[in-house]
Amino acid sequence: MVFARGSLRRARPEPVKGPGFGELFAALPVAVLVIDPDGRIAHANSACELLLNHSETTMVGQPYDAVLLPPADYADRRDGHGFAAFDIEIEAIRGPRIRVDFVETLVADHPGWRIVTLHHAPQSRRVAQGAERTAGARAAVGAAAMLAHEIKNPLSGIRGAAQLLRSSGEDEELTQLITTEVDRIVTLIDRMQDFTDTRPLKLEPTNVYPLLDHARRVALAGFARGLAIEERFDPSLPPVRIDSDAFLQVLLNLLKNAAEALGDTPEPRITLATAYRHGMSVSDGPGRPRQPLPIEILVTDNGPGAPVDIAEHLFEPFVSGKPEGKGLGLPLVEKLVRDMGGIVQYARERDPEVTVFRILLQRAS
């Protein structure tokens, strides 16, 4: 028996005439749907077939909501803008409800065409919300706060004794070593106390640009001296609801993290960017209403990124990819951003390969 060349290929549906997307999406590991101006599915990639338990053959040409029920407030999205909702449950017509990050974007130069990506939450989780702390986590924070307070008392006595020994002519090198090490421990405890501070922040409508400029100048004068820090700002960004001191601390921590991550990177570069993301919203827990977080602040560097084995745990205390790291800088960033009603994400992006820390915050009313 002779088969014609190519006759054993799986039959694919005739593509709906569109702007030439076709097989470009076939190999993507993220589920992708292409929606035409009539609200019908024009293309679905293999990852989407697996996630929705539907073959592309049966999906193409079907109305969008005949295959997938979008989020509850999807109908309220603004015309001419995209839509995003993180860590939500959606219902596929076939199969169980699934938890995903749902992002819809418009296709430039092709009016009415849309791309929907569905990031399966367990695989794509980059959001360090932490709003719903477990009883164990709260107990750990309380224990850390108590420990920090109790350790400081004997340390002050040790330091005072070392100073007395030094003034009485004892071994100056040893007493200096004691003093230096005590000061180092006190600095670490101060950072722990920052992390365990539960006092509410003072959130006010704020123009972020003076704070961004101040953080950039502080960085270039100190830990980022000699590095390039580019600015890519949306000039029309509205006031943001933040605590100025906390926001500045977040920026400095992220800039310092980026500067240290660059190491021996050829042509090292850090980028500060802002954008306004219409339709961006997030829920702080199952069953809770999503809050709009349209203000985007990006701190990007072209370093090698976090080691793969800790990338998912960067916002957990005492996790660090640096030999000298204490693992408290990024957890403090996450805490302060969360206390301001926002979220922070880590991502490693390609073309070009860069590390991105993305902060999403509330717009001031």
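Trainee: In which strand is glutamate 104 found?
Mentor: This is a predicted model, and in it the residue belongs to a strand that covers residues 97-106. Glutamate 104 is therefore part of strand E5.

Trainee: Is glutamate 104 buried or exposed?
Mentor: The relative accessible area of glutamate 104 is 2%. Since a residue counts as buried under 20% relative accessible area, glutamate 104 is buried.

Trainee: Which side chain does glutamate 104 join in a polar contact?
Mentor: Leaving aside residues up to four places away in sequence, glutamate 104 touches Tyr74, Arg77, Gly82, Phe83, Arg114, Ile115 and Val116. With one of these, a polar contact of 3.3 Å is made between the two side chains, and that partner is arginine 114.

Trainee: How many Å apart in space are glutamate 104 and histidine 81?
Mentor: In sequence the two residues are 23 residues apart. Taken from C-alpha to C-alpha, the distance between glutamate 104 and histidine 81 is 9.0 Å.

Trainee: Which backbone nitrogen does the side chain of asparagine 45 reach?
Mentor: Asparagine 45 lies in the loop between strand E2 (41-44) and helix H1 (46-52), and at 1% relative accessibility it counts as buried. Its side chain reaches, at 3.0 Å, the backbone nitrogen of cysteine 48.

Trainee: Which backbone nitrogen does the side chain of glutamate 56 reach?
Mentor: Glutamate 56 has its place in helix H2, residues 56-59, and its relative accessibility of 4% makes it count as buried. At a distance of 3.2 Å, the side chain of glutamate 56 reaches the backbone nitrogen of alanine 44.

Trainee: Which residue caps the N-terminal end of H6?
Mentor: Helix H6 runs over residues 208-221, and its 14 residues reach 20 Å from the first C-alpha to the last, close to the 20 Å expected at 1.5 Å a residue. At its N-terminal end, a side-chain oxygen lies 3.1 Å from the backbone nitrogen of tyrosine 209, and the residue that supplies this oxygen is asparagine 207.

Trainee: How many degrees around the axis do the buried residues of H6 cover?
Mentor: The buried residues of H6 are Val208, Tyr209, Leu211, Leu212, Ala215 and Ala219. They are on the same side of H6, because the arc they cover around the axis is only 160 degrees.

Trainee: Which helix do the buried residues of H6 pack against?
Mentor: Their partners include several strands, among them E7 (204-206), E8 (228-232), E9 (240-242), E10 (269-276) and E13 (295-301). The helix in this set spans residues 244-262 and is H7.

Trainee: What covers the buried residues of H7?
Mentor: H7 has 19 residues and reaches 27 Å from its first C-alpha to its last, close to the 27 Å expected at 1.5 Å a residue. Its buried residues are Ala246, Phe247, Leu248, Val250, Leu251, Leu254, Leu255, Asn257, Ala258, Ala259 and Leu262. Their cover includes H6, E9, E10, E13, helix H8 (329-339) and strand E15 (354-361).

Trainee: Which residue with a positive phi follows H7?
Mentor: At the start of H7, a side-chain oxygen of aspartate 243 reaches to within 3.1 Å of the backbone nitrogen of aspartate 245. After the helix comes a residue with a phi near 55 degrees, namely glycine 263.

Trainee: What is the phi of glutamate 267?
Mentor: Most residues other than glycine have a negative phi. Glutamate 267, which lies in the loop between H7 and E10, counts as exposed at 68% relative accessibility. Its phi is positive, near 50 degrees.

Trainee: Which element has the lowest mean pLDDT?
Mentor: The chain averages a pLDDT of 76, and 70% of the residues score at least 70. Among the elements of the chain, E7 has the highest mean, 95, while the lowest, 44, belongs to helix H3 (residues 121-124).

Trainee: How many contacts beyond four places in sequence does the model have for residues 1-11?
Mentor: Over residues 1-11 the pLDDT stays under 50. For this stretch, the number of contacts beyond four places in sequence is three.

Conventions:
Residues numbered from 1 in each chain as written. Predicted model: local features only at pLDDT ≥ 70, side-chain atom pairs only at ≥ 80, totals over all residues. Heavy atoms only, no water. Helix = DSSP H or I, 4+ residues; strand = E, 2+ residues; numbered from the N terminus. Buried < 20%, exposed > 50% of the residue type's maximum accessible area, 1.4 Å probe, protein only. Polar contact = N/O pair within 3.5 Å; in protein donor to acceptor, adjacent residues only side chain to side chain. Expected span 1.5 Å × (residues − 1). Arc of directions from axis to C-beta. Contact = heavy atoms within 4.5 Å. pLDDT = per-residue confidence, 0-100.
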